[in-house]
Amino acid sequence: MAEKYYEMTIAGLTRKLPICKVDDHLDIAAFVIFGDTEMTVAAAEALLKKCPEFDYILTPEAKGIPLGYELSRQSGKKYFVARKGKKLYMEEPFGVEVKSITTVNVQHLYLDKTEADQMKGNRVLIVDDVISTGESLNAVVNLAEEAGAEIVGKAAILAEGDASKRDDIIFLEPLPLFVK
């Protein structure tokens, strides 16, 4: 059986996204930014035109990292990563739980106190590659709020399913869910 794809144009670039089974009732088109430097650069440029002024960028580990980096490079603003695990170098890490549509188990995201102190009282732009259920986004928002940051925007390359109807996020293109 031939693989199925969903073709879409994002920031002027056309991509064929493989259709992946989530369960017997739902498939998703997998958008993977890893290794797609051309898309990362173009999407960051397009998002920066839509985003408000900010002082820092915060993204969850892992697929948001290339976008966070490129937004940082283009804007000259520092980015931080909400980590999936506590690291030895972290000083007084704190965390929240998250359940994502693309992950089987409940995960945790952590932020280092040193990074939190830098964000405190400053304008933070939260970014990810795709916003779907909003669970990962909410976890990062909770971390930023606990750090004392002023969240000025929540941005993603794609808004999947009902997320595309939200008016509190910034995104480049809607991505449909494939309900069976």
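Q: Where is Lys165 found in this predicted model?
A: Lys165 sits in the loop between S9 and strand S10 (170-175). Keep in mind that the model is predicted.

Q: Why is Lys165 called exposed?
A: Exposed means over 50% relative accessible area. Lys165 has 67% relative accessibility, so it counts as exposed.

Q: How far apart are Lys165 and Leu58, in sequence and in space?
A: In sequence they are 107 residues apart, and from C-alpha to C-alpha the gap is 23 Å.

Q: Why does Thr59 count as buried?
A: The cut-off for buried is under 20% relative accessible area. Thr59 comes in at 0%, so it's buried. You'll find Thr59 in strand S4.

Q: What does Thr59 touch, leaving out residues up to four places away in sequence?
A: Its contacts include Gly64, Ile65 and Gly68. Tyr79, Phe80, Val81 and Ala82 are also among them, and so are Val127 and Asp128.

Q: What makes the phi of Ala11 worth a look?
A: Phi of Ala11 is near 50°, a positive value in a residue other than glycine. Most residues other than glycine have a negative phi. Ala11 lies in the loop between strand S1 (5-10) and strand S2 (13-23). With a relative accessible area of 30%, Ala11 is partly exposed.

Q: Which residues of helix H2 are buried?
A: In H2, which covers residues 65-75, the buried ones are Pro66, Leu67, Gly68, Glu70, Leu71 and Ser72. Just after H2 comes Gly76, with a positive phi of about 80°.

Q: What covers the buried residues of H2?
A: The cover includes helix H1 (37-50). Strands S4 (56-60), S5 (78-82), S8 (123-131) and S9 (150-160) are also part of it.

Q: Which residues make the contact between H1 and H2?
A: H1 brings Thr40, Val41, Ala44, Glu45, Leu47 and Leu48, while H2 brings Pro66, Leu67, Glu70, Leu71, Gln74 and Ser75. They divide into seven nonpolar, three polar and two charged.

Q: How do you know whether the radius of gyration agrees with that of a compact globule?
A: For 180 residues, a compact globule would have a radius of gyration near 16 Å. The protein has 16 Å, so the two agree. Its C-alpha atoms fill a box of roughly 50 × 35 × 30 Å along the principal axes.

Q: How many helices and strands does the protein have?
A: It has four helices and eleven strands. Buried residues make up 47% of the 180 residues.

Technical notes
Residues are numbered from 1 along each chain as its sequence is written. This is a predicted model: local features need pLDDT of at least 70, side-chain atom pairs count only at pLDDT 80 or more; totals for chains, interfaces and linings use all residues. Side-chain values use heavy atoms; hydrogens and water are left out. Buried means under 20% relative accessible area, exposed over 50%, partly exposed in between (1.4 Å probe, protein chains only). Helices (H or I, at least four residues) and strands (E, at least two) are DSSP runs, numbered from the N terminus. Contact means heavy atoms within 4.5 Å. Ala, Val, Leu, Ile, Met, Phe, Trp, Tyr, Cys and Pro count as nonpolar, Asp, Glu, Lys and Arg as charged, and the others, Gly among them, as polar. The radius of gyration is taken over C-alpha atoms; the globule rule is 2.2 Å times the number of residues to the power 0.38.
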